[in-house]
Amino acid sequence: MENFSQSGLEPNMRLQDRDKIHEQYQSVVIGVSAGGMEALSDLLPPLPVEFSWPIIIVQHLHPTQGDYLAELLCRRCAVKAKEADEKEKIQPGWIYLAPPNYHLLIERDQTFSLSVDEKVNFARPSIDVLFESAVDAYGSGLIGIILTGANHDGAYGLHLIKQCGGLTIVQDPAHAAHPVMPRSALDMTKVDHVLPIPGITRLLIELETATRYGNRAGVKTTLLEKTIL
Amino acid sequence: MQQVQDIEIDLLLEAVFLRYGYDFRQYARASVTRRVKSFLAKSGFKKVSEMIPQLLYDELFFEKLVQDMSITVTEMFRDAEFFKVLREKVIPHLKTYPFVKIWHAGCATGEEVYSLAIVLQEEGFYDRATIFATDFNQVAIDKARQGVYRLDRMKDFTANYQRSGGSWSFSEYYHARYDSVIINQSLKRNITFAHHNLVTDTVFSEMHFVLCRNVLIYFDKALQDHVLKLFYESLIHGGILALGSKESLKFSWVEKYFKDVDEKWKIFRKAG
């Protein structure tokens, strides 16, 4: 955990998060564009194998690019990674990537849909399309993250996540390979956290661990109460 | 708040079905929600439910909705490699028949039908084929029949064509005029364009090859199953089915009646 010492995560930020832990986050969505390969390669490998929230990613790619990003992440990460399949049920403990040249959407029953609709923000897959449908599916149980990129995709989607009570995180533009996308997200929304990549990783691990611990504590308390009664 | 909008969308789809017979109720919901919302934003109404009376009484307003619900963005030789596989694995099989019937379901504005026609022509097989190209969107069908496209799209189409293994001069297949091109009559002569709704209409018969790419992704599982059954019944024994590369037979009972021709590009042969 030493590599997080420079994360810039202030102790008082953690306190804010404890207030939110009870909201029971269920899922993480990430939007990333230019410079994304490096950003994801820093962000995801430190996540522990027991990290239970599904992580759903739109990375802008050229339409003819294959699914090598999933393979790459699979090799480097403790958490399993794959390209999202149409109608696939979203499972805990997986990283999912949008296939190139398709929009990725999440249905209410937490399965994936794909579409070949027109590009949004000149992009297919579009981050806004994923985030908007994720808000419908998860409501306030959603964590939205915008990382490096050279366009404005994702700003509107992150705004929706915030509006619906989800947690919003943006990569610190000063540390991003391409600051335009993080900046346009920050312009539109007063986000919960602005952090460099290691800080985001650490925050995710802390929140997820706390939620799992909280769940167990909750179960214990209920059992205890029943026993007393 | 979200839930109220879901109810409104349910009511709107029900109204459209009862009034006009167009059934979007079994479409994958996330995409429908997106499209209804974007239609709402353009409509001048504030709430989805406010559009329902207008849809019931104003046919032109309904026609506009259909256009928005059926936007299919397509291009010539989309997934160039798929067309390469068509040349290498599907056409040789089709050539074993003296004459073939091909059904291109969900052809939208026709770019892919003409791509198929070009492949057939270059493989010396066009004259032995009849293509039925269908869509539920009449405006799209009319555009497909005209075969007029924007000139500025031709650059991408040409690159796709070359990646698909095309070695002829692509510009021979159309005439440019001002900002548009029109597809050559010689590519159109064996294509029949027709209105057909996969959700509510019945089978085509005795097809040797059914092509339906990136349509099933918009349907829920039950509707996918219904449409795959339609394709199964339309195909002759040994006939070929080609789906979009992200579509599959996995969730359908018809899977056991098909064998893989190309796993990656989701091409199957009816074997049972």
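This is a predicted model: local features need pLDDT of at least 70, side-chain atom pairs count only at pLDDT 80 or more; totals for chains, interfaces and linings use all residues.

Residues are numbered from 1 along each chain as its sequence is written, while chains are lettered from A and ligands numbered from 1 in the order in which they are written.

**Chain A.** I looked up 7 helices and 9 strands here (DSSP runs numbered from the N terminus: H or I of at least four residues for helices, E of at least two for strands). Of its 229 residues, 49% are buried (20 or more other C-beta atoms within 10 Å of a residue's own, with C-beta atoms placed from the backbone).

Next I checked helix α6, residues 180-188 of chain A, where M181(A), P182(A), S184(A), A185(A) and L186(A) are buried. Their cover includes β7, α5, β8 and β9 of chain A.

**Chain B, helix α10.** How far apart are the end C-alpha atoms of α10(B)? They are 20 Å apart, which agrees with the 20 Å that its 14 residues should span at 1.5 Å a residue (the expected span is 1.5 Å times one less than the number of residues). Its buried residues, among them F231(B) and S234(B), pack against β1, β7, β8 and β10 of chain B.

**Chain B, V210(B).** I found V210(B) in strand β7. V210(B) is buried because 24 other C-beta atoms lie within 10 Å. Leaving aside neighbours within four places in sequence, its contacts include W103(B), F231(B), S234(B) and L241(B) (contact: C-beta atoms, placed from the backbone, within 7 Å). I240(B) is 30 residues away in sequence, yet 6.2 Å away in space, C-alpha to C-alpha.

Conventions. A residue is buried if 20 or more other C-beta atoms lie within 10 Å of its own, exposed if 12 or fewer, and partly exposed in between; C-beta atoms are placed from the backbone. Two residues are in contact if their C-beta atoms, placed from the backbone, lie within 7 Å.
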